Amino acid sequence: MAQKSITAFFQTSGQSKEKRQLGQAASNCGSEKRKKISDETSQAAVGVHTELEANKEHNTEQTNGEINALSTEELRAQATRATEVAKVRVAQASAQGVPPQLDDLLVDDSWRAALAAEFKKPYITQLANFLSTEWKSQTIYPPQPLVFRAFNTCPIDQVRVVIIGQDPYHNTGQAVGLSFSVPPGKAVPSSLQNIYKELQSDCGCKIPKHGNLEKWSCQGVLLLNAVLTVRAHTPASHSKKGWETLTDAAISALSAKRKGLVFLMWGKFAQQKDVLIDTKKHHVLKAAHPSGFSANKGFFGCAHFSKANALLENEGLPPIDWQIDA
């Protein structure tokens with residue numbers, strides 16, 4: 001999604017009052033509008049399915065670690081379309097006076113297939129019920145269409161690097177569904193500032209004035225939080241509700257289905273996930289968390305970005321262009 005559209009999206013999302021107004025307006029929709037929403041959902045979903053069908057050739061190669069990487073622009077276009085599908089599904093549910101179904105927000109076919117068994121388990125039902133209550137009564141971040149943005153942007157066969165975060169930013173308008181990333185126009189958080197400093201030292205990258213990491217995601221960097229939602233101004237409020245089990249399953253799926261990936265694990269929380277990864281097939285790089293409290297204890301100087309690219313090239317995978325455009 002282009003920066004302009006991201007900014008516009010966040011200008012109209014995230015506040016509980018606005019959500020109540022949207023729900024009231026949607027409830028007054030006539031049958032023609034509901035039919036239009038349904039038609040838009042079907043058309044958008046067909047478009048995403050067509051793109052994914054066209055890329056099935058990539059999926060057949062994921063088990064041996066070889067990948068025909070889509071371009072950044074191709075992945076960005078696919079991600080934009082997936083977000084539009086999720087937005088229409090949210091609007092369709094709102095028109096019916098209900099929150100969206102959790103699995104409707106996961107649009108990418110490759111991740112739907114990889115996590116299909118998880119969505120049949122009781123913990124997902126419990127998580128979905130919890131979220132339904134939260135969405136009705138609280139302001140929740142990120143906005144509903146962006147909950148699975150990390151997966152919808154980065155299909156399983158396109159992943160090259162995984163960066164694991166904990167839970168979304170909890171202040172107004174910060175969370176975008178990608179770990180460590182914030183939308184244009186928002187102040188760059190201290191952890192991301194330190195990431196930029198290390199990038200400058202390690203790779204000579206210029207430090208941008210914004211915190212939008214979409215460019216990384218559209219190159220196959222899975223920016224995955226362990227918990228995918230949070231109540232406004234209440235950190236860790238959605239932890240231990242089921243998200244960790246689902247995202248652990250996603251990491252395990254990557255470990256099983258792919259080869260030669262690079263996992264960047266910053267801080268103890270992320271490093272606990274190493275038990276999910278077959279280190280005979282993949283590469284795990286560990287360092288302190290980039291927060292202001294710990295960046296000087298091993299994050300600065302870790303050179304993870306150049307090391308990741310060296311490992312990818314050794315595996316025959318394209319390196320990442322880590323430079324975030326100013």
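Two strands pair if DSSP finds at least two bridges between them. In this predicted model, strand β2 pairs with strand β5 (residues 262-266) in the parallel sense over three bridges.

**Strand β2 and its partners**
- With strand β3 (residues 221-225), β2 also pairs in the parallel sense, here over five bridges.
- On the β3 side, Val162 stands opposite Leu222.
- On the β5 side, Val161 has Val262 as its bridge partner.
- Five of the five residues of β2 are buried, and the strand is mostly covered.
- Val161, Ile163 and Gly165 point one way from β2, while Val162 and Ile164 point the other way. Residues on both sides are buried.

**Asp167**
- An unreviewed UniProt entry lists Asp167 under "active site".
- Leaving aside residues up to four places away in sequence, Asp167 touches Asn225, Val227, Val230, Pro235 and Ala236.
- For Ala236 there is also a polar pair: its backbone nitrogen lies 2.8 Å from a polar atom of the Asp167 side chain.

**His238**
- His238 is found in the loop between β4 (230-231) and α11 (243-257).
- The relative accessibility of His238 is 0%, so this residue counts as buried, the cut-off being under 20%.
- The side chain of His238 makes a polar contact of 2.7 Å with the side chain of Thr229.
- Leaving aside residues up to four places away in sequence, His238 touches Phe130, Leu131, Glu134, Ile140, Val227, Thr229, Val230, Arg231 and Trp243.
- Val227 and Val230 are among the residues touched by His238, and both are also touched by Asp167.

**The second largest pocket**
- The second largest pocket holds about 520 Å³ of space.
- Its lining is made up of 29 residues. Those nearest the centre of the pocket are Gln166, Asp167, Tyr169, Phe180 and His289.
- At least two lining residues come from each of β2, α9 and α12 (268-271).
- α12 gives the most to the lining, with three residues.

Technical notes
Residues are numbered from 1 along each chain as its sequence is written. This is a predicted model: local features need pLDDT of at least 70, side-chain atom pairs count only at pLDDT 80 or more; totals for chains, interfaces and linings use all residues. Side-chain values use heavy atoms; hydrogens and water are left out. UniProt positions are given in the numbering used here, feature names are shortened, and annotations may be inferred rather than shown by experiment. Contact means heavy atoms within 4.5 Å. A polar contact is a pair of N or O atoms within 3.5 Å; within protein, one must be able to donate a hydrogen and the other to accept it, and residues adjacent in sequence count only if both atoms are side-chain atoms. Buried means under 20% relative accessible area, exposed over 50%, partly exposed in between (1.4 Å probe, protein chains only). Helices (H or I, at least four residues) and strands (E, at least two) are DSSP runs, numbered from the N terminus. On a 1 Å grid over the protein atoms alone, a cavity is a set of points where a 1.4 Å probe fits but cannot get out, and a pocket is an open set with protein on both sides within 12 Å along at least five of seven lines; lining residues have an atom within 4 Å of a point. Grid points are joined across faces, edges and corners, and a volume is the space filled by probe spheres set on the points.
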